Structures are given as C-alpha cells and as structure tokens.
There are 4 protein chains.
Amino acid sequence: MQGTMKAIAKTAAAPGAEMIRVPIPPVPRHHILIKVSATAICGTDIHIYNWDPWAQGRIKVPRIFGHEFCGEVVELGEDVTCVQLGDFVSAETHVTCGRCYYCRSGLGHICQEVEILGVDREGCFAEYVVLPEQNAWKMERSVPVEIAALQDPLGNAVHTALAQELTGNTVEVIGCGPIGLCAVAIARKAGALRIYAADVNEFRLDLARKLGADVVINARKERIDEVILQETQGFGVDVMLEMSGDAEAIRQGFTALRKGGEAALLGIPSRPMELDVADALVFKGATVRGINGRRMFQTWYKAMDLLAAGLDISPIITSRFPLDEFEQAFDLARSGKAGKTILYP
Amino acid sequence: MQGTMKAIAKTAAAPGAEMIRVPIPPVPRHHILIKVSATAICGTDIHIYNWDPWAQGRIKVPRIFGHEFCGEVVELGEDVTCVQLGDFVSAETHVTCGRCYYCRSGLGHICQEVEILGVDREGCFAEYVVLPEQNAWKMERSVPVEIAALQDPLGNAVHTALAQELTGNTVEVIGCGPIGLCAVAIARKAGALRIYAADVNEFRLDLARKLGADVVINARKERIDEVILQETQGFGVDVMLEMSGDAEAIRQGFTALRKGGEAALLGIPSRPMELDVADALVFKGATVRGINGRRMFQTWYKAMDLLAAGLDISPIITSRFPLDEFEQAFDLARSGKAGKTILYP
Amino acid sequence: MQGTMKAIAKTAAAPGAEMIRVPIPPVPRHHILIKVSATAICGTDIHIYNWDPWAQGRIKVPRIFGHEFCGEVVELGEDVTCVQLGDFVSAETHVTCGRCYYCRSGLGHICQEVEILGVDREGCFAEYVVLPEQNAWKMERSVPVEIAALQDPLGNAVHTALAQELTGNTVEVIGCGPIGLCAVAIARKAGALRIYAADVNEFRLDLARKLGADVVINARKERIDEVILQETQGFGVDVMLEMSGDAEAIRQGFTALRKGGEAALLGIPSRPMELDVADALVFKGATVRGINGRRMFQTWYKAMDLLAAGLDISPIITSRFPLDEFEQAFDLARSGKAGKTILYP
Amino acid sequence: MQGTMKAIAKTAAAPGAEMIRVPIPPVPRHHILIKVSATAICGTDIHIYNWDPWAQGRIKVPRIFGHEFCGEVVELGEDVTCVQLGDFVSAETHVTCGRCYYCRSGLGHICQEVEILGVDREGCFAEYVVLPEQNAWKMERSVPVEIAALQDPLGNAVHTALAQELTGNTVEVIGCGPIGLCAVAIARKAGALRIYAADVNEFRLDLARKLGADVVINARKERIDEVILQETQGFGVDVMLEMSGDAEAIRQGFTALRKGGEAALLGIPSRPMELDVADALVFKGATVRGINGRRMFQTWYKAMDLLAAGLDISPIITSRFPLDEFEQAFDLARSGKAGKTILYP
C-alpha cells in the first residue's frame with residue numbers, strides 16, 4: 001500500500017516515545033497488512049516506555065512497539081492462503097521459526113528462535129502493521145474491537161488458568177493487572193468454589209471484585225497467606241495463579257497453597273528471588289507450571305469459546321484514548337489507576 | 001438399638017416388594033447405625049423391583065434394598081473413630097475390602113471384592129441402616145435432606161463429567177435420568193460452551209432444559225448425531241457423557257463426537273452391542289473412559305465443593321412419598337414421569 | 001529433474017499392479033524431490049494390490065502407490081527453507097492442510113483435509129517421489145536405509161505404545177504384523193514387566209519372541225484371554241495394544257485387560273463389531289484410546305530417540321527385493337511368511 | 001512377646017547414639033510385631049545421629065530411630081486381618097491418620113497428621129519393631145533381605161523418577177546418594193536415552209556409572225549445566241530428578257533443563273535458596289513436581305514390579321555391619337565412602 005502512516009516509536013535509547021510518520025511497510029510473501037482498529041497497552045510496553053534495564057538490553061531503536069491489537073486485513077502478500085482481504089483479525093504476537101524441535105512438536109509458544117511483535121519486530125502502535133499470515137487470528141465482526149484487541153493477554157490468562165482444574169476448586173490469583181483480572185473472570189466462569197484475588201492497588205482490587213473475586217486482599221495491608229489460611233482453616237487453596245512477578249507475593253502465595261496443590265506462574269520476577277523450596281514445593285508435593293505465552297492455537301480456540309460461552313472481560317477496559325494522546329495514556333497506565341488502556345489509531 | 005423397624009424388602013424371587021417389620025440390626029465393630037431421613041429410588045432399585053434378568057442373577061432374597069439416602073448417626077459400634085453420634089451423613093454405597101490391589105492403590109471404586117449396599121447387603125429403604133464408618137460421608141445440616149440423599153447419583157455424575165475438561169467445551173449428555181440431569185447441571189456450572197441433552201422422554205428433556213441444556217433432542221423423533229452435526233457444521237462435540245446405556249444412542253453419540261474428542265461411559269448396555277470401532281474410535285483418535293461408581297472420596301469432596309459453589313440440582317427432585325407409599329412411588333418412577341423420587345421413612 | 005522413472009502403479013481398477021515408466025514429476029513450491037533408496041510394503045499396499053472393497057472405494061487409478069520409504073533429496077522447489085540438497089530423509093505420509101482446527105492445535109495427525117501419500121497422491125514405489133518439505137524427516141546417514149524406510153510404521157507403534165505407561169507394567173500386544181512387532185520391542189525397551197504377544201501366524205510369533213515377548217499366544221490354538229488370565233491369576237494385564245483389527249481378538253483382549261487398565265487401538269476392524277461395552281469398558285473403568293497415524297512430529301522425535309537409545313527393530317525385516325520383482329515381494333508379503341518386505345528401486 | 005531386645009536409641013539431646021536394652025513392645029489392636037532381619041541407614045538417621053538443627057527441632061529423646069528395614073511377622077495384635085504370622089514384610093514408614101482430606105483422597109503420602117517411623121514413633125534399629133498392619137508390605141521370600149530393607153528409599157526413587165516420562169528421554173540425576181542411584185537404575189530400566197548423574201563424591205559417581213549413568217559429573221570439578229549444555233548442543237535435558245537438596249546444584253540443574261522440560265524435586269534444601277524463577281521456570285515453560293514419600297501403595301506395587309522386571313539395585317549396597325557395630329557403620333556412612341549401609345540385628 002502506498003503512503004505513510006502514524007506510529008509510536010522508541011526513537012532513542014531513553015525513556016519516553018515519539019509519534020513518527022513512516023512509509024506504510026511492504027508486505028512480504030506469506031505476510032499480510034492490517035489496518036489497526038484498536039490497540040492496547042501491555043506491561044511490556046510500559047517497560048519499553050520507561051526504558052528499564054530489561055528494555056535497554058532487549059530493544060534496538062528505532063522500534064515501533066505495541067503488540068496487542070485487532071484490525072482489518074487490507075493487503076495480502078504473495079502466497080497467502082489462509083487469510084482474506086477484509087478479514088477482521090487479532091494476532092498471536094510470537095512469530096515462530098516453524099523449524100525447531102518445539103515448533104515441530106506443537107510447542108511453538110516456546111520456539112527457540114521466536115521473535116515478538118513490537119519487541120523484536122515492528123509493532124502495532126501504528127495505523128498499519130505487517131504480520132505473517134499464520135499469526136493472524138480471524139474473529140467475528142460481532143466481537144467489539146476493544147475485546148478483540150485483548151486476545152493476547154486474555155490468551156495468557158486462559159493458558160495459565162486452565163492449566164489446572166478450576167471447577168469446584170479454591171483459587172488464589174496473585175496480581176490483578178489485566179491478565180490477573182482475566183484469570184479471575186475465567187475461574188468464575190469455570191465454576192471455581194472461591195476466588196481470592198490479591199494486589200497492592202485498590203483500584204484493581206475493585207475490578208477483581210467486579211470480575212468475580214469472592215475475597216480481595218490488599219497485600220500492602222494484609223498478608224496474602226494469613227488471610228487465605230485463616231479463611232480456609234489452615235488448609236490452603238487448591239490452585240495458585242501467579243500474575244504479579246513479585247517475590248514476596250509469590251512466597252506468600254506458595255504458603256497459602258495446600259498440600260498437593262497446583263500453581264501456574266506467569267508473572268516474571270525481575271531478578272533471582274529467595275524461595276523456601278523445601279516448604280513451598282517438596283514437603284507439600286506441589287506441582288508448579290511455568291507458563292509462557294499462549295498455545296498456538298489451542299489457547300486461541302479456547303479463548304474464543306469462553307467468550308462465546310459468556311465470559312465477560314469488558315470491565316477490565318477502563319480507559320480509551322486516540323493514538324495521538326499516547327502520552328496521557330501511558331501516564332494513566334503507569335499510575336495504576338487503570339485496568340486496560342485502549343488506543344485508537 | 002432395641003426394637004423393630006419398617007423396611008421395604010424383596011421377600012420373594014418375583015416382581016414387586018413388600019413392607020416388612022424387622023429388628024433394628026446390631027452394629028458391628030467399625031460400623032454405625034443411621035436413622036434414615038430421606039432415601040431415593042435409583043434405576044437399580046427399579047431393576048430389583050421389576051425382577052429383571054440382572055436382578056434375578058444378582059439379588060438373594062430376602063433383601064432390604066435401596067442405597068441412596070441420608071440420615072443421622074444414632075449408634076456407634078466399637079472402635080468407631082471418625083464418626084460421632086448425631087452426625088448428619090450420606091453414604092458411599094460401595095463397601096470395599098481395603099486389601100486388594102485397587103483398594104491399596106486409591107482405586108477402591110473398582111475394588112475386586114466390593115459389596116454394594118441394598119444389593120449385596122441390607123439397604124436403606126428402612127427406618128435404620130447399618131454402615132461401615134468409613135462409608136459415611138458427613139454433611140452440613142444446612143444441606144436439605146433431599147439433596148443429601150442424592151450424593152450417590154450426584155457422585156456418579158461428577159465422576160463421569162469431570163473426567164473430561166468441560167470449561168469452554170461443547171458437551172453432549174446422552175440420557176437424562178437423574179444422573180444425566182446432574183451432568184447437565186455440572187457442565188453448565190463448569191462453563192461449558194454448549195450442552196446438548198438427549199433422551200426419549202419429554203418430561204426429562206424439560207428438566208434438562210431447566211438444569212441448563214442449550215439444546216434438547218428427543219431421540220424418538222430426531223437422530224442425536226444429525227442434530228448435533230448440523231448444529232456444529234459437521235464438526236461434532238468435544239465431550240460425550242453417556243448415561244443411557246442404549247446401544248443406538250451410544251452409536252449416535254460417537255458419531256456426533258469430534259475427532260480427538262473424549263467420551264465417558266457410565267450407562268450400562270444390557271447386552272453386547274454393535275459398534276463401528278474403526279469410525280467411532282480409531283480413525284477419530286477418540287479417548288473413551290469407562291466410569292464406575294465414584295472415587296473414594298475425591299468425588300465426594302468435589303461434589304460437596306460444587307454444591308457449595310452454587311450447583312443446584314434441586315429441580316431433579318420431582319416427587320416425594322412417605323416410605324409406606326412405596327408402591328405408588330415405584331409406579332411413578334417407572335412411568336418416566338419423574339425426575340428423582342424421594343421416600344421418607 | 002529431466003527424464004523418466006520406473007514406478008509401480010495401480011493402472012486398472014482390478015487386482016494386481018504394473019511396473020510403468022513415467023516422467024520424473026515436477027517439484028512445486030515448498031516441495032522437494034527425493035530419490036528413493038528403499039521402500040517397504042505396508043498392509044495398506046496389500047489392500048490396494050488386492051483391490052479389496054476399501055481400495056475400490058478410496059483409490060483413483062492410475063495411482064503410484066507405496067508410502068514407507070527413505071531416500072536422498074535431489075531437487076528443491078522454490079522457497080524450500082528447511083531441507084537441503086543431499087539430505088537423507090524419511091517421510092511423514094499424512095499431508096495436512098495446515099489450516100483446520102486440528103492442524104492449528106498441534107493435532108495434524110487427525111487433520112480434516114488430510115491426504116495420504118500413495119493413497120490420495122502419488123506414492124513412493126518409484127525411483128523418485130515428490131513431497132512437501134514439511135513432511136520430510138531428516139535422518140542420520142548412519143541409520144541403515146531399511147530402518148530409515150520403516151519410520152512410518154515404527155511411528156505408529158511409538159504413538160500407540162507410549163500413549164500408556166509401559167515401565168513395570170504387563171502388556172498384551174494383539175497382532176504381530178510389523179507394527180505389533182515394533183510395539184513389542186518398544187515395550188521391552190521401556191521396561192515392561194511382562195509382554196504377551198498374540199497372532200495367528202507362527203512365523204510372526206517367532207519374530208515377536210525375538211523382539212522381546214515373554215509369552216506368545218497363537219490365537220488359532222488358544223484363547224488370548226484364557227492364557228493371560230491364567231498367567232495373571234485372573235488379574236489381567238495393565239495395558240492392551242491392539243494392532244490386529246480382528247473383532248474376536250479385540251474382544252478377548254478386553255477380557256484380558258485388568259480393571260482400570262488402559263487400551264490403545266490402532267488396528268482397524270473392517271466392519272462394525274459386537275462388543276460387551278458394559279464388561280469391557282464400563283464396569284472395568286477402562287480407558288481406551290483410538291490411535292491414528294503419528295503425532296507430527298513429537299512421535300518422530302521419540303522414534304529417533306528410541307533408536308538412538310538402542311531400540312533394535314531390524315529382526316522385523318525378513319525379505320528384500322529389487323523394485324522390479326515387486327510381484328514376488330507382494331506374493332511373499334501376502335503369504336504371511338514375512339515380517340517386513342523391503343523393495344530397492 | 002515377653003522379654004527384652006537390643007535397640008539403638010537417641011538417649012540424649014546430643015550427637016551420637018547408644019545401644020540400649022528395652023522390653024519388647026506390646027502390640028496394639030491392628031498392629032503387628034516384626035522381628036527385624038535387616039535395616040539400613042538413611043540420610044535422616046545421619047541427621048539424627050549428628051543431632052543437627054532439624055533433628056534438634058523434631059526428635060524427642062529417648063527415641064529408637066531407623067525406618068528402613070524388613071523382617072518377619074512374629075506377633076499379631078487384635079483384629080489384624082491383612083497380615084499373617086510368618087509373613088516376610090517391608091514397611092511404609094509414613095503412619096497416616098486415615099481421616100484427613102488427603103488420606104480420604106488417595107494421597108496418604110501427604111497426610112496432615114502423618115507420623116514417621118523412627119522419627120515420631122519408635123523405629124527399627126532394634127531386634128523388634130511394632131507397626132500398624134496397614135503399613136506392612138508383604139514381599140516374596142526370594143527377595144534378598146538387603147533389597148527388601150531398601151523398599152522405602154527405592155520407593156522414593158520410583159515415585160520421583162516415574163512422575164515424568166523417561167522412555168527415550170534424556171535425564172539428569174542430581175545427587176547420587178542411594179535414592180539418586182536407584183533413580184539412575186530406574187531411568188536405565190525405563191529406556192532413557194541418556195542419563196547424566198551428578199555428585200561431589202567420586203565413590204558415588206562410580207556407583208552411578210555401574211547403575212547405568214552414561215555421563216557422570218563431579219560437581220566439585222565441573223559445572224553440571226555446562227557439561228550437559230555442551231553435551232546437548234545447548235538444548236538441555238528432558239527430565240531433571242533432584243535428589244541432592246543442594247541449592248547450587250538445583251540452580252545448575254534447572255539451567256540444564258530444556259524448555260518445556262519436567263523436574264521432580266525430592267532433595268530438601270536445608271534453608272530458603274535463591275532461584276531465578278523467571279529463567280528456571282517461567283520463560284522455560286517448565287513443570288516442577290515436589291515429591292514427598294511414596295504413593296500408598298501404588299509406588300510399592302510399581303517398585304515390586306520393577307524388581308520383578310529385572311531392576312537391579314544391589315550395587316548400591318556397599319557395606320554391612322552387625323547392629324552392635326553401629327558406630328563404625330555410622331562413621332562409614334558419614335564418610336561418603338558408602339552407598340547403602342546395612343545393619344543386621
């Protein structure tokens with residue numbers, strides 16, 4: 001497609017970002033061009049915006065960032081066979097090699113040569129974005145663009161939460177960012193017996209309550225383990241879903257997990273942490289699953305089916321901005337006074 | 001306990017049953033005596049009442065039958081340690097040997113020497129019943145006696161239904177007797193995407209709708225497989241829960257199961273049946289689980305937790321009689337114009 | 001590649017086959033041309049050769065058949081990225097669509113639009129064969145060509161056998177064709193406690209013994225279930241691997257399976273069969289898995305690793321012919337006096 | 001039984017132990033008296049002997065310790081029904097309550113009220129020991145007493161090792177004490193592709209090689225992760241079996257685990273440890289299982305079946321002493337110049 005487009009890019013190795021105007025990118029073989037309808041700010045984007053140590057080590061400037069979005073397919077590269085012009089799509093943001101042991105074993109989400117949209121390749125904080133056709137996920141037009149734009153974090157939550165049995169079980173969700181909030185809603189939908197949601201932010205705890213948490217725990221004011229052990233007469237919860245990455249919260253989460261309990265860890269501690277492996281894991285006979293990304297594309301089907309079954313994650317979306325006002329959007333997202341923030345190009 | 005009690009017994013090797021008066025039974029070591037609050041008629045009881053070939057081969061008269069019930073513990077045998085006088089209990093009806101490979105491997109539900117209450121030992125259609133203490137399942141007084149009396153069939157449904165993932169999945173429930181109806185309610189609670197319920201009885205299909213079925217199929221009027229394949233654009237359902245034991249329904253159920261789908265079979269075909277193993281199982285890559293009884297006592301905990309989480313099976317109970325009117329109760333239960341029939345001693 | 005090649009083709013809708021000379025096929029984008037080093041006769045090929053009802057319904061003549069082989073890559077189509085000229089490869093014979101629910105869920109082996117080499121597209125009983133690059137499986141040159149040519153049936157056996165835990169378990173292998181024989185060897189390698197192998201052919205039972213069976217059962221002379229139940233004091237075996245497709249053998253196999261046992265069914269009964277579902281599955285609490293093809297490519301990695309770990313399937317290969325003598329080869333294969341028959345183009 | 005017996009007891013809250021003479025204990029209902037044939041020194045016994053902080057906090061003196069043994073049943077308490085006089089038995093050392101959630105869910109190995117033989121109750125470093133009959137494990141007389149005495153640590157190894165698929169997989173065994181050595185033998189028996197065994201003790205690494213390790217790593221001289229990553233071209237191993245409890249070894253073990261790999265942790269770090277949860281677990285998508293004791297009694301059946309299938313752990317036994325020479329035995333066991341040390345009362 002001829003012409004130029006607006007995009008938010010990291011143009012310098014420093015905090016912040018810049019609105020730039022660049023040519024609409026060419027569309028290689030097996031790729032498609034998507035006109036972005038809506039895009040959302042992820043925690044990863046905030047790391048990049050803030051230019052923290054992880055971003056400094058991973059991001060090469062200039063880079064258009066952003067990876068959560070939906071839009072309409074407006075151009076097809078050569079040999080595209082699965083996607084059609086006019087399709088309404090969201091996107092898996094892990095671009096896999098297709099050749100490694102993991103890709104050939106149905107485990108593309110842990111591909112050895114993975115590239116991530118908006119991190120290792122140009123992202124979606126723009127009017128247009130290019131994507132391999134295999135990464136497109138076709139959606140019904142009846143899905144609101146704000147929900148369609150959230151398939152990536154919803155997928156994280158689905159992958160994490162459904163790795164354990166939730167039906168009839170007690171569940172603790174540690175960390176109530178958008179992924180944790182999705183996990184609360186999924187646990188509720190799956191018939192969990194009782195859902196404990198913990199965070200340090202009252203705004204998010206209120207959202208957790210709206211999405212179905214039975215008990216919310218402000219971890220600045222109370223210990224997660226004390227509240228849960230008291231509520232469960234010392235027994236603990238069946239399932240732990242860890243979305244905070246906070247070392248102390250993880251430790252308390254394990255203390256609150258029952259013997260033989262199961263934990264899924266999606267949150268990423270920023271550095272090595274102390275853990276009482278004997279008490280947290282060994283004596284307890286716990287099972288722990290590290291979770292990365294989303295299963296391609298089992299998780300996507302499941303997320304679609306959960307939405308069709310009535311899963312409602314719309315309360316997570318608390319703020320909306322035009323793309324031009326990205327600075328206000330990032331300020332709000334960083335303030336913690338937001339669930340999910342949507343940008344419209 | 002001194003005195004006599006009323007009981008419904010099979011006193012002759014012929015159809016029907018008789019109200020008798022017998023001494024309240026003595027209570028052996030490790031056993032308890034329960035005053036029955038409510039008891040329910042199971043399909044097995046109808047087989048015994050009708051004196052069909054299975055009953056003729058299995059039941060030795062005289063026999064007090066009935067095995068679904070709840071009541072209050074009124075006497076303890078020697079060395080009872082887990083149960084107390086006054087406890088409100090339901091009962092696992094499989095009395096296991098505790099010594100065989102299965103019992104010692106946590107698989108007591110398929111014990112090699114199992115005895116079944118009301119089949120191989122005196123049952124609960126009586127004012128009092130004796131039970132090994134290990135078979136008692138303590139319940140909260142807040143659970144209505146009619147629900148407490150249904151823990152055995154509810155347990156069958158829980159064991160069958162939760163052997164597969166239901167959350168976000170399409171599910172066909174074949175056979176809408178009380179166990180099938182419980183399975184519909186469980187699938188709904190677990191967040192199934194869409195529930196298809198099939199039976200030949202409109203009364204029961206109405207109940208299935210009340211308990212959460214999205215689509216009901218009268219198998220006398222429509223083919224189960226045709227309805228489901230049409231509804232799913234030829235794809236089929238993810239999960240099959242078989243509670244009918246009807247050969248033709250089982251065949252249609254398999255045809256309606258998607259490739260890679262999972263089936264749990266609880267219904268008991270009365271004789272060998274024709275099955276297209278190649279199409280139903282092999283080419284499809286299906287997984288099939290035969291289900292027997294309830295896991296002791298994982299299923300019981302799960303059923304209790306599901307009830308606590310709001311699972312409502314009360315619409316299943318459609319008729320109530322004093323024990324004295326057992327003949328009217330059996331007539332109704334046999335007519336198909338009943339969900340579950342409760343008797344009060 | 002210019003020139004012509006020899007091939008064995010079904011040229012008429014009748015029993016038998018014909019050696020023909022045809023142009024070496026062109027190589028489409030994402031495809032490769034392989035010079036066949038060795039190819040093997042599968043039961044499917046015998047169905048085609050015999051022109052049985054299945055073949056009449058499925059095969060469109062003229063058709064070069066054959067699908068088990070290995071060879072050297074001698075030409076690359078456009079955009080081939082994973083395979084190089086000179087690579088020594090075997091091949092997955094299921095050519096998948098890559099677009100359906102199954103393909104996108106890591107379940108390509110049950111793809112809804114699958115085409116099978118030598119059945120739905122030109123096969124490998126020829127000097128050259130064309131293949132999508134994604135179906136090539138690169139092997140070490142150190143693997144003998146006869147073993148490399150058997151990766152497809154070995155994969156069937158690996159997929160079937162390792163779907164259950166074998167280590168320390170008793171295993172019955174029903175049917176000792178090449179796939180059953182591979183399963184015997186795999187069970188031995190995996191540390192099975194005791195392996196029972198059944199067939200109607202003494203030649204094959206001798207091979208089963210060589211590959212590691214502890215007890216062989218000639219099902220023409222003895223009942224499989226009687227032998228096994230006597231050997232196990234009525235307990236039955238832990239695992240059933242069904243590779244015969246024979247209705248009576250399947251029934252006996254289920255009778256010989258212990259309560260709570262697990263069965264994998266790969267054999268394909270040619271028509272619907274009688275099965276006592278109540279006794280075989282329900283009361284027993286058995287788990288049954290239908291098995292189709294091989295996991296792409298988890299099974300391939302596992303087969304490779306088993307060979308590297310010392311799995312020896314070479315005794316299965318009992319006869320070798322040049323491709324020109326295909327008629328003698330088929331006569332021998334059909335006689336039952338062969339394990340696996342190899343053809344060299 | 002009348003009379004007195006010799007026993008090794010912790011008689012004071014200080015290092016060491018003492019040979020004492022005490023009355024042969026009475027045999028309560030449901031209990032049995034066993035004349036000890038052989039007993040073995042466990043790491044736990046060394047902690048008690050050394051009187052380390054764990055022992056100081058847990059052991060109440062006086063206490064006869066020791067828990068690994070076999071012997072002959074010489075007296076039955078009242079109501080014993082599963083064990084007979086003259087039976088040759090080994091013993092599960094976890095005495096469970098039979099009443100808690102875990103006991104009633106087939107998870108007695110993590111019972112909430114567990115008592116451990118030789119720790120919380122009188123142990124087997126004696127001529128006689130009393131045991132609940134349900135803890136007895138009957139063995140064939142053909143099993144040598146030294147092997148029969150090792151069922152407890154063998155069971156730990158079986159429970160740990162078979163929690164993951166070993167067949168065709170690469171396996172790292174961290175820590176080559178007796179349990180680690182058993183794990184090496186089990187992995188070999190199960191058809192592992194390649195076994196890496198790590199320890200700091202050359203004597204034990206020699207034993208690991210004898211029991212089937214392909215590569216041994218002296219962790220004092222080489223880094224476990226470096227050796228394994230080099231051997232696997234950076235890919236890592238499929239399975240990690242952790243039997244050392246050493247923080248640095250655990251960290252290296254995780255680094256050497258491949259993406260999507262599975263780890264079982266039996267070793268008990270003596271204090272909280274640093275772990276890079278992000279790299280070790282989350283990004284990797286690893287699954288980690290804490291392992292405690294042995295499944296009652298699934299693990300026991302499996303261990304028996306593995307021995308019957310030819311598993312040979314006899315090289316682990318490197319030293320034998322009469323019970324009277326327990327001080328020399330403990331000195332040797334503590335020196336690291338021993339695999340397993342057997343004592344004969």
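Is C:H30 buried, exposed or partly exposed? C:H30 counts as partly exposed, because its relative accessibility is 28%. Buried here means under 20% relative accessible area, exposed means over 50%, and partly exposed lies in between, with a 1.4 Å probe and protein chains only.

The model is predicted: local features need pLDDT of at least 70, side-chain atom pairs count only at pLDDT 80 or more, and totals for chains, interfaces and linings use all residues. Residues are numbered from 1 along each chain as its sequence is written, chains are lettered from A and ligands numbered from 1 in the order in which they are written, and side-chain values use heavy atoms, with hydrogens and water left out.

Chain A holds 11 helices and 19 strands. Helices (H or I, at least four residues) and strands (E, at least two) are DSSP runs, numbered from the N terminus. Chain A is as compact as a globular protein of 345 residues, because its radius of gyration of 20 Å is close to the 20 Å that the globule rule gives. The radius is taken over C-alpha atoms, and the rule is 2.2 Å times the number of residues to the power 0.38. Along the principal axes, the C-alpha atoms of chain A fill a box of roughly 65 × 40 × 35 Å.

Burial in chain A reaches 63% of the 345 residues. Contacts (heavy atoms within 4.5 Å) were also examined by sequence separation. Among those in chain A between residues at least 6 apart, 68% join residues at least 24 apart. Chain A exposes about 12,400 Å², and carbon and sulfur atoms supply 48% of that area. Accessible areas come from the Shrake-Rupley method with a 1.4 Å probe; for residues, only the protein chains shown count as cover. The side chains of chain A include 35 positive and 43 negative ones. The centres of these two sets lie 1 Å apart. Lys and Arg count as positive and Asp and Glu as negative; His and the chain ends are not counted. Each charge is placed at NZ of Lys, CZ of Arg, CG of Asp or CD of Glu.

Backbone geometry comes next. Most residues other than glycine have a negative phi, and most peptide bonds are trans. C:H30 has a positive phi, near 65°. C:H30 sits in the loop between β2 (18-23) and β3 (31-40) of chain C. In chain B, D79 is not a glycine, yet B:D79 has a positive phi of about 65°. The loop between β5 (68-76) and β6 (88-91) of chain B contains B:D79. B:D79 counts as partly exposed, at 30% relative accessibility.

Cis peptide bonds occur in chains A and C. One joins A:V61 and A:P62, with omega about -5°. A:P62 belongs to the loop between α2 (53-58) and β4 (63-64) of chain A. In chain C, C:V61 and C:P62 are joined by a cis bond, with omega about -5°. C:P62 is found in the loop between α2 (53-58) and β4 (63-64) of chain C.

Helix α4 (residues 151-161) of chain C is mostly covered, with 11 of its 11 residues buried. Among them are C:Q151, C:D152, C:H159 and C:A161.

A:N169 counts as buried, at 10% relative accessibility. Its side chain makes a polar contact of 3.1 Å with the side chain of B:K302. A polar contact is a pair of N or O atoms within 3.5 Å; within protein, one must be able to donate a hydrogen and the other to accept it, and residues adjacent in sequence count only if both atoms are side-chain atoms. Beyond its neighbours within four places in sequence, A:N169 touches residues including A:R194, A:D238 and B:K302. In chain D, the loop holds D:G168. D:G168 is buried, with a relative accessible area of 0%. Its contacts beyond four places in sequence include C:K302, C:D305, C:L306 and D:G191. The C-alpha atoms of D:G168 and D:G191 are separated by 5.8 Å, although the residues are 23 apart along the chain.

D:S90 lies in strand β6 (residues 88-91) of chain D. D:S90 counts as buried, at 1% relative accessibility. Its side chain reaches the backbone oxygen of D:F69 at 3.2 Å. A polar atom of that side chain also lies 3.1 Å from the backbone oxygen of D:A148. Beyond four places in sequence, the contacts of D:S90 include D:N135, D:W137 and D:W300.
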